[in-house]
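Here is a briefing on one protein model. Look over the sequence and the structure first, then read the notes by topic.

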Amino acid sequence: MESEDTKKIQEMKTDLNLLLECLKYQMDNPLSQKEALVTIHSICQQNSDAGVYFREIGGLIFVQNLAKSSEHSMVKEAALYTLGTVAEQDVYCQQTLCTSELFEDLILFLSNDSNTNLKRMSVYVILVLVSNNRIGQTLVRETGCIKVLSQLFRIGLSKYELNLSDKNVFQNYQLWSSVCSTLCVCVNNPQNDENQRLCCSLFPHANDWLINCIKPEIIRPICSFIGLTLANNIYVQKYFISVGGLDVLSQVLVKLEFDSLKTLSNAKLAVVVIKTVDACIADNPTFGEILSKYHIVSKLLALLLHESLDSEEKCSIILTLGHCTEACEENQYDLFKNNGLPLLIQALTESQNDELNKAATFVLYNCKKITEKLSLSLRENAFDENEAEQLKNINMKEKTIEEYWKKAKEILHRIERLEAEGNEEKIRREKFKDDVSFVNINIQNTLKHLHADSIGEGPKAEDEDKSQSRKLQSCKSHGFMSKACADDGQMKTLLKSANPVSACYRESRQNETLCKANSSCNLHLHEETTFGEKRFVSQSSNCVFKDPNPIVKNRRQQLPITDPFTLCSDIINKEVINFLSADSYSKMFKYRCSGCIAVGKSLNSRNFSKLLHSCPYQCDRHKVIVEAEDRYKSELRKSLICNKKILLTPRRRQLSNEPTTSGGIKKRRIRKNFTEEEINYLFSGVKKMGNHWNLILWSFPFQQGRKSVDLAHKYHKLSKHPKCAAPLLEEDLSV
């Protein structure tokens, strides 16, 4: 038995080789080429391994080139049909043929003025390449093949009245139905959203055919195309409804339900339309409101009573009922009016199909919701009109009372806010009064000291005081008073000092240095204020003696300021300003890091470190840099002292983990003979996968260390010596 199988395999291989040679050497004889292609097709149909072997010997690519280059239409048709059958049986053949070049050739066959059979064979090849293949779906879209198929869908049938007895009409209908099937595969199995959006442009044409030709030959392919294009795509569903597709399906369903009483085939055809309607409203039950115009629920219940329908068809009807009544109250009332509940309960009790039971429970659950709504509406209607008016009045009163309460709460909240703000203002005023009284006391104390010092000076001191008071008044006009009043805390500290005159003297000395450094200030004002300060300090402290200002003649003398409060406040304000400016500038110039100041100089790693080490005032950032550098240098010295040698470059790592000898030469692998199990694995893998050695190596448990090259060498050795491999093959085939 095993020997017969091997003989058949060898005969199949020799037949395919001879047929391929016949195709190559009979290029001028189209009849012999057609017969050879038909024979290859029959061999591949009888033996599943024949297509794999035909691909391995290069026959598949040769037939593809033959279909492209041959001038005879019969050879092209036979070649395309052979390619389609081989690709339909083997996935590897499908992947080999799934190229953009082949799709472009098929587009040429479809767009040219070729005969109908050649177009049918081209559409058949596209159907095989796209089926269960996302790569094929992508190539159909990218090469523009799906647009050509859409055009064939539009112009395939020219008249709404089909006369299939006519040969030409029948051939055109076959081409059109195969185009519909191919478009269904392009949009679904697996689902492809982009192809669905491209194919939704055909909905208006499909609606025209459904309205004008209610025949099973037209309704079945169009409904399958619409249902698969709509499936799980809300965008396409909305477009279909906007075009009026759901209205058209409802009208067709009403006609078929009316004719189902006469013929059983119309009932079966109505179920096809029902499945398409369900695909349209399953994802969005609100679309069921459109069906209420045509009373579809009553039609579905009538079809549910039809005896010719099986359990699967009834299950699809009940599912559509559930989606219709899920979100539409009109359909729900239609279900109650037409005694839908008893029918569903009867179907639930009599049937033994789980899917049908689930669908019936889904509809009953929707009915439960309906009854709850009805009970609530009945309770509301049970009240009299007077009671309803009383309830309305009570509700209005309650609403007005609630609004009044809300307004009263808001008013109370505002009153509390105003009271809190008033209390805060009172506290601030009291604090301000205390501060003012404290300042007045301090001013009176300073005035006493000033009067005591000025008594023993004589008329010169009075003249000097007059000039000083004039200059201080001019300073006040320039805005020094407003600046000094901003810092009340620093004014208090100055007033608490024991000797205000000596403090004024110290601050005047600091102000002299500040005026020299700061060139951006107004020189005129500073010269006047500093000059007045020097004159005042010379009179008060008796430490520095200067000549009085020269008297200018013909100048109108001003009366001196005799108010002690004004005089003292001007002096204190000026001294506070001088103290604050001198303190900030002295800190700015004295305590600056040399690393921060040195901007624009030519610095490098050596002189910058010296600059930082020489600076007595370092900022936090440069202090961290200096400490890190010192720490690194100390560690480097220690390592030099201990090791006396430092490796600055890393050692080269050994890249490969393979065993090597002392001289660096790789060791040879240990020889492992193939066991009988491994040889059986090898032959079974070649039988299933061909010469894909990596796949065979990964699929079977070979010994550790085997490589794909080892499997290839072993298989070629065994194929050269078939006597050694024959017993092993027999064991493999028996298994």
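In which loop does Arg 671 lie? Arg 671 is found in the loop between helix H33 (620–643) and helix H34 (676–689). This is a predicted model: local features need pLDDT of at least 70, side-chain atom pairs count only at pLDDT 80 or more, and totals for chains, interfaces and linings use all residues. Residues are numbered from 1 along each chain as its sequence is written, and side-chain values use heavy atoms, with hydrogens and water left out.

**Overall build**

- The protein has 37 helices and zero strands. Helices (H or I, at least four residues) and strands (E, at least two) are DSSP runs, numbered from the N terminus.
- Of the 735 residues in the protein, 36% are buried. Buried means under 20% relative accessible area, exposed means over 50%, and partly exposed is in between (1.4 Å probe, protein chains only).
- Among contacts in the protein with a separation of 6 or more, 71% join residues 24 or more positions apart. Contact means heavy atoms within 4.5 Å.
- The protein exposes about 46,100 Å², and carbon and sulfur atoms supply 53% of that area. Accessible areas come from the Shrake-Rupley method with a 1.4 Å probe; for residues, only the protein chains shown count as cover.

**Surface patches**

- Arg 668, Arg 671, Lys 717 and Lys 720 form a surface patch of positive charge. Arg 671 is exposed, at 72% relative accessible area.
- Tyr 92, Leu 695 and Trp 698 make a nonpolar surface patch of about 340 Å². Tyr 92 sits in helix H6 (residues 91–97). Tyr 92 is partly exposed, at 37%.
- Patches are made of residues with over 30% relative accessible area and no salt bridge: like charges are joined within 9 Å, and nonpolar side chains (Val, Leu, Ile, Met, Phe, Trp, Tyr) within 5 Å.
- Lys and Arg count as positive and Asp and Glu as negative, while His and the chain ends are not counted. The place of a charge is taken as NZ of Lys, CZ of Arg, CG of Asp or CD of Glu.

**Buried positions**

- Val 363 belongs to helix H23 (residues 354–382). Its relative accessibility is 0%, so Val 363 counts as buried.
- Leaving out residues up to four places away in sequence, Val 363 touches Ile 318, Leu 321, Gly 322, Leu 335 and Leu 344.
- Val 363 and Leu 319 are 44 residues apart along the chain, with their C-alpha atoms separated by 7.7 Å.
- His 622 is in helix H33. His 622 is buried, at 3% relative accessible area.
- With residues up to four places away in sequence not counted, His 622 touches Cys 593, Gly 595, Cys 596, Phe 608 and Leu 612. His 622 and Leu 612 are 10 residues apart in sequence and 7.2 Å apart, C-alpha to C-alpha.

**Salt bridges**

- The count comes to seven salt bridges. A salt bridge is a side-chain nitrogen of Lys or Arg within 4 Å of a carboxyl oxygen of Asp or Glu.
- Lys 68 and Asp 105 pair at 4.0 Å, N to O. Lys 68 lies in helix H4 (residues 59–69) and Asp 105 in helix H7 (residues 100–111), so the bridge ties together parts 37 residues apart in sequence. Lys 68 is exposed at 53%, whereas Asp 105 is buried at 12%.
- Glu 194 and Arg 141 pair at 2.8 Å, N to O. Glu 194 is in helix H12 and Arg 141 in helix H9, so this pair ties together parts 53 residues apart in sequence. Glu 194 is partly exposed at 47%, and Arg 141 is partly exposed at 21%.
- Glu 629 and Lys 633 pair at 3.3 Å, N to O. Both residues lie in helix H33, four residues apart, about one turn of the helix. Glu 629 is partly exposed at 23%, and Lys 633 is partly exposed at 35%.

**Backbone points to check**

- A cis peptide bond joins Asn 189 and Pro 190, with omega about 0°. Pro 190 lies in the loop between helix H11 (167–187) and helix H12 (193–199).
- Asn 189 is not a glycine, yet has a positive phi of about 65°. Asn 189 is partly exposed, at 41%.
- Asn 132 also has a positive phi, about 55°, although it is not a glycine. Asn 132 lies in the loop between helix H8 (116–130) and helix H9 (134–142). Asn 132 is exposed, at 54%.
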